[in-house]
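Q: Could you walk me through a model, one feature at a time? I'd like the general idea each time, then the case at hand.

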Amino acid sequence: MTQMIPTDGPQLNEILTLETSVWEAMVLGDRHLDAQVLADSFLGVYPSGFAGKADHCEQLQDGPVVAEYRLSSARLRCIGNAAALLSYRASYRSSGSADWKVMLISSLWEKEGGKWLNTFSQDTPETGGRMHE
């Protein structure tokens with residue numbers, strides 16, 4: 001059964017810290033940090049298409065791809081004891097750009113060998129329309 005964790009729960013903080021490390025890797029241009037938290041089977045679903053772990057890490061080959069970011073409105077849905085779906089709003093500015101973009105992101109984190117790894121992520125551009133929860 002899926003369990004909703006309050007936005008201020010301790011597991012939310014743990015998973016959000018892991019997710020933040022992905023963003024920090026993009027700010028630092030650190031492929032090693034990025035690779036540490038992505039599962040080998042990682043799948044990204046982005047407006048530009050599908051990406052695997054190698055694709056995600058290779059984007060950092062020439063250095064940072066994000067200059068600044070802000071994460072907000074985080075929510076966590078636990079799926080058993082070994083998986084958690086983190087959904088949040090990300091505002092970010094790409095390296096070399098003055099424009100801010102906003103994405104709604106869902107990342108699936110799964111515990112493998114006692115370690116949380118990001119196995120799936122989907123980015124959806126925020127269009128400004130409001131949906132009811």
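Q: Let's start with accessibility: is Glu126 buried, partly exposed or exposed?
A: Buried means under 20% relative accessible area, exposed means over 50%, and partly exposed is in between (1.4 Å probe, protein chains only). Glu126 has a relative accessible area of 30%, so partly exposed is the label. Keep in mind that this is a predicted model: local features need pLDDT of at least 70, side-chain atom pairs count only at pLDDT 80 or more, and totals for chains, interfaces and linings use all residues. Residues are numbered from 1 along each chain as its sequence is written, and side-chain values use heavy atoms, with hydrogens and water left out.

Q: Which residue does Glu126 form a salt bridge with?
A: Side chains of opposite charge can pair when their charged atoms come close. The cut-off here is a side-chain nitrogen of Lys or Arg within 4 Å of a carboxyl oxygen of Asp or Glu. For Glu126 the partner is Arg89, with the closest N and O atoms 3.0 Å apart. Glu126 sits in the segment after strand 7 and Arg89 in strand 5, so the pair ties together parts 37 residues apart in sequence. Arg89 is partly exposed, at a relative accessible area of 27%.

Q: How many salt bridges does the structure hold?
A: Three. One of them joins the side chains of Lys53 and Asp40 (3.0 Å, N to O). With Lys53 in helix 3 and Asp40 in strand 2, this pair ties together parts that are 13 residues apart in sequence. Lys53 counts as buried at 17% relative accessibility, whereas Asp40 is exposed, with a relative accessible area of 70%.
Arg93 and Glu68 also form a salt bridge, their closest N and O atoms lying 3.0 Å apart. Arg93 belongs to strand 5 and Glu68 to strand 4 (residues 66–79), so parts 25 residues apart in sequence are tied together. Glu68 is partly exposed, its relative accessible area being 33%.

Q: You keep naming helices and strands. What pattern does the protein follow along the sequence?
A: Helices (H or I, at least four residues) and strands (E, at least two) are DSSP runs, numbered from the N terminus. The protein has three helices and seven strands, and reading along the sequence gives β-α-α-β-β-α-β-β-β-β. One thing to look at in strand 4 is Ser73: this residue has a positive phi of about 55 degrees although it is not a glycine.

Q: And the core: which residues touch the most other members of the largest nonpolar core?
A: A nonpolar core is a set of buried Ala, Val, Leu, Ile, Met, Phe, Trp, Tyr and Cys residues joined through side-chain atoms within 4.5 Å. The largest has 22 residues, and Ile15, Trp23, Leu76, Leu86 and Tyr88 touch the most other members. Helix 1, strand 4, strand 5 and strand 6 each supply at least two residues of this core, and helix 1 gives the most, with six. There's also a second, separate core of five residues, including Leu38, Phe42, Tyr46 and Ala51.

Q: Which residues is Trp23 in contact with, leaving aside its neighbours within four places in sequence?
A: Contact means heavy atoms within 4.5 Å. On that basis, Trp23 is in contact with Val66, Tyr69, Leu71, Tyr88, Ala90, Tyr92 and Ile105, leaving aside its neighbours within four places in sequence. Under the same exclusion, Leu18 is in contact with Trp109 and Trp116. Leu18 is in helix 1 (residues 10–28).

Q: Is Thr119 buried or exposed?
A: Buried, with a relative accessible area of 6%. Thr119 lies in strand 7 and, leaving aside neighbours within four places in sequence, is in contact with residues including Ala39, Phe42, Leu108 and Glu112. Across the protein, buried residues make up 38% of the 133 residues.
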